Amino acid sequence: MKYINKKLTIEKINLQKIANKFGTPFYSYSYSKMKENINSFKRNFKSISPLICFAVKSNTNINIIREIKKFGLGADVVSLGELMMALKAGINPNKIVFSGVGKKSNEISFAIDKKILLINAESLSEIKEINRLAKIKSRKIRIGVRLNPNTDAKTLSQISTGKKENKFGVNKDTFYEIINYCKNSKNIDLKCLSVHIGSQILDNRPYEKMLKIVSQILKKTNHKFEFIDLGGGMGISYSDKNKKLNYKKYNSAILKFLRKHKVKIIFEPGRSIIGNTGTLVTKVIYIKDSGRKKFIILDAAMNDLMRPALYGAFHKTLAVTKSEKKSKKPYEFVGPICESTDKFITLKKFQELKEKDLIAICDVGAYGMSLSSNYNLRLKPIELLIKGSKIKVIRKRQKYKDLI
Ligand SMILES: *Cc1c(COP(=O)(O)O)cnc(C)c1O
């Protein structure tokens, strides 16, 4: 996205034009950005030739998943719904891994029937359930076990998953216990050790520490793992200050790891593939002066984009039409929802706004629409895929008849 003649433009179309045609709020995604992200990911990790499984929970739009599939990616899913969506988008079951701490019998059963690559289990109880179902179906099922490496990912506490106080994975001792259990089971084929320590990780050191711990565990057991699934979590740049994760450094750490362990690497990136491709465009409904600051009341709210309300996430916020005139008071950008956390950002300096102006909230391609809801019985926004000067509606705006 960039300003061309003071108009914010995505690929070859200015956002004002899109708003005139489709109304607000809307999500738009840049196809060329997505392509660039996938190619950069592939290029940087080429030397380890990983299987890249897109984390579907970051963006569940079937048209987005279809586009990603065309680049040869697989899918990481965390529910039956996501598994069905990935299959419907045409992803090869042999490239699908199924993660999550609480898979129910019907979800496991479906995954077994579809012959997906791996069910990544997160507890001994879950493995016993997979074993029970596999036995009934007279099958031998490939599984992974998610290790909790007790590693601080140095990210927002709400999106950290690899510390011992987090619910994810199993600790070292349980991990060894599980290896023994699987050895004695005719219906379980333990193929993979998986880890995923959190999201929006910008520092390589947590990953390096994680690799060290995985390496130690592999050395202590004589079980032969075919895959090591390193999860996702690669951080992107949300502000001009933070830099994205250095892929090259991560790649060298993995290369070093692979010299000791002959395994196939799996990645499960979500945010790093789709995060910076998306923009939420919203219109100023009212401006309310509260003395010290002005509330900019938008037609998008926390039901459309929950990240700021849920974990205080920062999203760059821009005016769709640029002007040089500065506001005199700080602006607080809020939505119409009846919650005080329904607020996107407060900015001390912004250009002066008036009612009906358009605002672009940036880098919302991941965990934007996929976390949206109908709270306050608000309609979910339309989603558009932008390819050069072409606009494709990839999800229609919800209608009241869908809701009521
Ligand atoms: C959420 C999740 C991912 C994706 O994380 P990103 O930060 O979006 O890359 C990958 N693997 C698992 C198990 C997850 O829960």
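This is a short tour of a predicted model, stop by stop, with a residue or element to select at each one.

**Before you start**

Residues are numbered from 1 along each chain as its sequence is written, and side-chain values use heavy atoms, with hydrogens and water left out. Because the model is predicted, local features need pLDDT of at least 70 and side-chain atom pairs count only at pLDDT 80 or more, while totals for chains, interfaces and linings use all residues.

**Stop 1: the ligand**

A residue is near a molecule if one of its heavy atoms lies within 4 Å of it. Of the 14 residues around the ligand, the nearest are Lys57, Ser199, Gly233, Glu268 and Tyr367. Colour the shell by class and you will find 3 nonpolar, 6 polar and 5 charged residues. In this scheme Ala, Val, Leu, Ile, Met, Phe, Trp, Tyr, Cys and Pro are nonpolar, Asp, Glu, Lys and Arg are charged, and the others, Gly among them, are polar.

Now look for polar contacts (pairs of N or O atoms within 3.5 Å; within protein, one must be able to donate a hydrogen and the other to accept it, and residues adjacent in sequence count only if both atoms are side-chain atoms). A polar backbone atom of glycine 233 is 2.8 Å from an oxygen atom of the ligand. At arginine 271, a polar backbone atom is also 2.8 Å from a ligand oxygen. For tyrosine 367, an N or O atom in the side chain is 2.5 Å from an oxygen atom of the ligand. On its own the ligand has 390 Å² of accessible area, and the protein covers 94% of that. Such areas come from the Shrake-Rupley method with a 1.4 Å probe; for residues, only the protein chains shown count as cover.

**Stop 2: tyrosine 367**

Stay with tyrosine 367, which is found in the loop between β18 (358-362) and β19 (382-387). Strands like these are DSSP runs of E with at least two residues, helices are runs of H or I with at least four, and both are numbered from the N terminus. Phi of tyrosine 367 is near 55°, a positive value in a residue other than glycine. Is this residue buried or exposed? Tyrosine 367 counts as buried because its relative accessible area is 11%; buried means under 20%, exposed over 50%, and partly exposed in between (1.4 Å probe, protein chains only).

**Stop 3: lysine 115**

Next, select lysine 115, in the loop between α5 (105-113) and β8 (118-121). Here, too, phi is near 55°, and the residue is not glycine. Lysine 115 has a relative accessible area of 52%, so it is exposed.

**Stop 4: two asparagines**

Go to asparagine 61, in the loop between β5 (51-55) and α3 (62-70). With a relative accessible area of 2%, asparagine 61 is buried. Which backbone atoms does its side chain reach? A polar atom of the asparagine 61 side chain lies 2.8 Å from the backbone nitrogen of asparagine 63, and the side chain also reaches the backbone oxygen of isoleucine 394 at 3.2 Å.

Then move to asparagine 44, in helix α2 (residues 31-44). Its side chain reaches the backbone oxygen of serine 40 at 2.8 Å. Asparagine 44 counts as buried because its relative accessibility is 18%.

**Stop 5: a cis peptide bond**

Select threonine 24 and proline 25, which are joined by a cis peptide bond with omega of about -5°. Proline 25 lies in the loop between α1 (15-22) and β4 (26-30).

**Stop 6: pairs apart in sequence**

For the last stop, draw C-alpha distances. Phenylalanine 168, in the loop between β9 (141-146) and α7 (172-183), is 67 residues from valine 101 along the chain, with 6.4 Å between their C-alpha atoms. Serine 160 is also in the loop between β9 and α7; its C-alpha is 8.9 Å from that of glutamine 200, 40 residues apart in sequence. Serine 160 is buried, with a relative accessible area of 6%, whereas phenylalanine 168 is partly exposed at 22%.
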